[in-house]
Amino acid sequence: VALLRPYHIGDYVEISGREGLVTDLDLFFTELRSPDNRRLVIPNGQAIASPITNHTTAGRRCCALVVGVGYDDDLDRALAVLKRTMVSDPRALREPAPWFGVRALAESSVDLSAQEWVNAGEYGNYKADMLKAVKQAFDAEQIEIPYPHSVQLTKGEIPQPESRSTGGENPVEALAADHPPATRQGGDDAHPVFAFERRPASRKS
């Protein structure tokens with residue numbers, strides 16, 4: 001690493017899934033300072049055997065933002081507000097030139113993309129400030145930033161069938177009155193008929 005120089009002190013890099021600002025570099029180790037101010041020491045043998053992403057170009061870093069707007073919004077006006085907000089900040093560099101455009105037509109929003117270059121040491125604060133400033137600028141211009149909505153469904157009361165009884169009548173008695181039991185034919189004393197399945201008696205061997 002010290003000979004090939006894929007990165008230098010002051011570059012912001014990502015090595016083996018760990019990222020940070022390069023603070024020291026020698027023949028054996030690369031030292032990084034993570035965004036949460038931790039000290040990361042990576043052996044150069046591990047670094048050279050892993051993919052290396054150097055986010056810094058000549059001391060500069062690109063701040064990329066993606067902001068969604070509503071389908072009913074004026075895209076040209078939304079892009080103009082986004083560009084004005086980010087370019088007007090004194091930390092924004094004129095070279096390389098910034099870029100603003102439509103990134104994607106998503107399910108519930110039109111995604112706008114912004115790419116602005118700043119000095120590597122100002123990247124973190126600049127991005128955080130721009131997220132806040134863009135939201136406030138869109139609110140002032142009444143430009144919608146869609147967000148997912150959740151719908152909560154509640155089970156209503158299950159309607160009960162209307163009772164056929166009126167007044168104080170017992171519903172069981174009312175049902176029995178509507179459906180009288182079948183009776184045997186003949187004889188004065190009628191009894192309900194119950195049907196039983198008759199099976200032939202088994203013969204004992």
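Q: Against which elements do the buried residues of α2 pack?
A: In this predicted model, helix α2 covers residues 75-87. Its buried residues include Ala 78, Leu 79, Val 81 and Leu 82, together with Thr 85, Met 86 and Val 87. These buried residues of α2 pack against β6 (60-69), β7 (99-105), β8 (110-119) and α3.

Q: What span does helix α2 reach from its first C-alpha to its last?
A: Helix α2 has 13 residues. At 1.5 Å a residue, a span of 18 Å is expected. The model comes close to that expectation, with α2 reaching 18 Å.

Q: Which peptide bond is cis, and what is its omega?
A: Most peptide bonds are trans. Pro 96, in the loop between α2 and β7, is joined to Glu 95 by a cis peptide bond. For this bond between Glu 95 and Pro 96, omega is about -5°.

Q: How many residues lie between β1 and β2 in their hairpin?
A: Strand β1 (residues 12-15) and strand β2 (residues 18-25) run antiparallel and are joined by four bridges. Within this pairing, Ile 15 has Arg 18 of β2 as its bridge partner. The number of residues between β1 and β2 in the hairpin is two.

Q: Is Ser 16 buried, partly exposed or exposed?
A: Ser 16 is found in the loop between β1 and β2, and its phi is positive, near 55°. Its relative accessible area is 31%. Buried requires under 20% and exposed requires over 50%, so Ser 16 counts as partly exposed.

Q: Which residue of β3 is the bridge partner of Leu 21?
A: Strand β2 is also joined by four bridges to strand β3 (residues 29-33), and the two run antiparallel. They form a hairpin with three residues between them. In β3, the bridge partner of Leu 21 is Arg 33.

Q: Which element gives the largest share of the lining of the largest pocket?
A: The largest pocket holds about 340 Å³ of space. Among its lining residues are Leu 21, Arg 33, Tyr 123, Gly 124 and Asn 125. By class, the lining has five nonpolar, five polar and two charged residues. The largest share, three residues, comes from helix α3 (residues 123-140).

Q: Is Gln 142 buried or exposed?
A: Gln 142 is found in the loop between α3 and α4 (171-178). Although Gln 142 is not a glycine, its phi is positive, at about 55°. Its relative accessibility is 69%. Because exposed means over 50%, Gln 142 counts as exposed.

Conventions. Residues numbered from 1 in each chain as written. Predicted model: local features only at pLDDT ≥ 70, side-chain atom pairs only at ≥ 80, totals over all residues. Heavy atoms only, no water. 1 Å grid on protein atoms, 1.4 Å probe; cavity = no way out; pocket = protein on both sides within 12 Å on 5 of 7 lines; lining within 4 Å. Points joined across faces, edges and corners; volume = space filled by probe spheres on them. Nonpolar A, V, L, I, M, F, W, Y, C, P; charged D, E, K, R; others polar. Pairing = 2+ DSSP bridges. Expected span 1.5 Å × (residues − 1). Buried < 20%, exposed > 50% of the residue type's maximum accessible area, 1.4 Å probe, protein only. Contact = heavy atoms within 4.5 Å.
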